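Here is a short report on how two protein chains meet. Read it with the model in view.

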Amino acid sequence: MESKNKVTNETGNDHGLRELAQVDRLIHEPARLMILMVLYTVDLADFTYLINATELTDGNLSSHLAKLEAANYVEIEKGYEGKRPRTLLRLTEEGRLAVESYRSTMQQALQNMKGEPDKCA
Amino acid sequence: MSQIYDLSQVKRRNLQLIAFEDGLFDLLLGSVYMALAIYPVTRELLGPILNLVLYLGWLALLVVGQLLIRYFVSKPRIGYVRLRNTLAMRLLFIITIVMVLVTFGLVLVTLLSPGLGSASDVTFAPNPDRSYLVELITLLVLGAFFSFLGYMFGVRRLYFYGWMVGLAYLFSVYMEHNAGWIFFFPQAIAAGVILVIGFVLLLRFLQNYPLHGE
């Protein structure tokens, strides 16, 4: 049986590129991908740490976190450490599965993109 | 940007941020080695027991000072992170603890070992036939230990530290036995280099990581 990812017809519209269409667009955005990759490797991090690790601005990070929280990929816990406010962030189980699924989809898609590009004269 | 797709790079970056970005590790290391360079001189002045007490006190002060600076200065700037408790992390933690204990043991052995004798010892004579096997082993152990740490944490300067300190120790002992040097001058230079790097890193850290309000 021919694989779905191989060339299967004469129109040439099934070269494994369909994998790319299945990519989770919420994760595919570079800044959000950075946030998720950092959170994927740790158990818990606060807002300040995430700013340093991703080098995003406060506003940018906040807006991306809001989107990730709305999708239930990230859990946000606001609290205090002494008198200072602290926002703790953690990847949810759903977020962890979404990152893993994104990684395998992208790896598959990139594998299917092998080959030399045509060179212009 | 490309490194964000590599999870192992992200993990290494986490470790670098927590442990090496503020230069405190370098300052602690440089201070310990500087103390070891000076110990033969203070032993002449204080005697072995008082010297040992002084150095253990100094070591404790350095460790406590580093922890306090890390808590009050570095943590508010870097932020809080709790790493995942994976098997690799546990293994790395155990290996690091064992290596630190071995280093601490070596420091104790060095401090307790008998010296050449008094600085005013008129019977001093060069000993070109002395074997330097112990110092060569120390060089290899330090080189391998710091290279391992450098590789695991992705901190390249640690390779340099290990071999530099090992070679400086070998050269110091050689000069002690062949020229009668009491002060471990090469080791002090190596420690000084590490301290300067640590200070530069700390200044750069304070500049690059301002205090953050949420």
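A salt bridge is a side-chain nitrogen of Lys or Arg within 4 Å of a carboxyl oxygen of Asp or Glu. Arg82(B) makes one with Asp43(A), and their closest N and O atoms are 3.0 Å apart. The rule finds 2 salt bridges across the interface of chain A and chain B.

This is a predicted model, where local features need pLDDT of at least 70 and side-chain atom pairs count only at pLDDT 80 or more, while totals for chains, interfaces and linings use all residues. Side-chain values use heavy atoms, with hydrogens and water left out, residues are numbered from 1 along each chain as its sequence is written, and chains are lettered from A and ligands numbered from 1 in the order in which they are written.

Contact means heavy atoms within 4.5 Å. The two sides compare as follows.

| Chain | Residues in the contact |
|---|---|
| Chain A | 28 residues |
| Chain B | 24 residues |

Buried area is the accessible area (1.4 Å probe) that two parts lose on being put together, summed over both. Between chain A and chain B it is about 2500 Å². Carbon and sulfur atoms give 56% of that area. Thr41(A), Tyr49(A) and Asn52(A) supply 25% of the area that chain A buries against chain B, more than any other three residues.

Strands also meet here. Strands are DSSP runs of E, at least two residues, numbered from the N terminus; two of them pair if DSSP finds at least two bridges between them. β1(A) and β1(B) (residues 81-83) run antiparallel, joined by 3 bridges. Val42(A) has Leu83(B) as its bridge partner in β1(B).

Key
Helix = DSSP H or I, 4+ residues; strand = E, 2+ residues; numbered from the N terminus.
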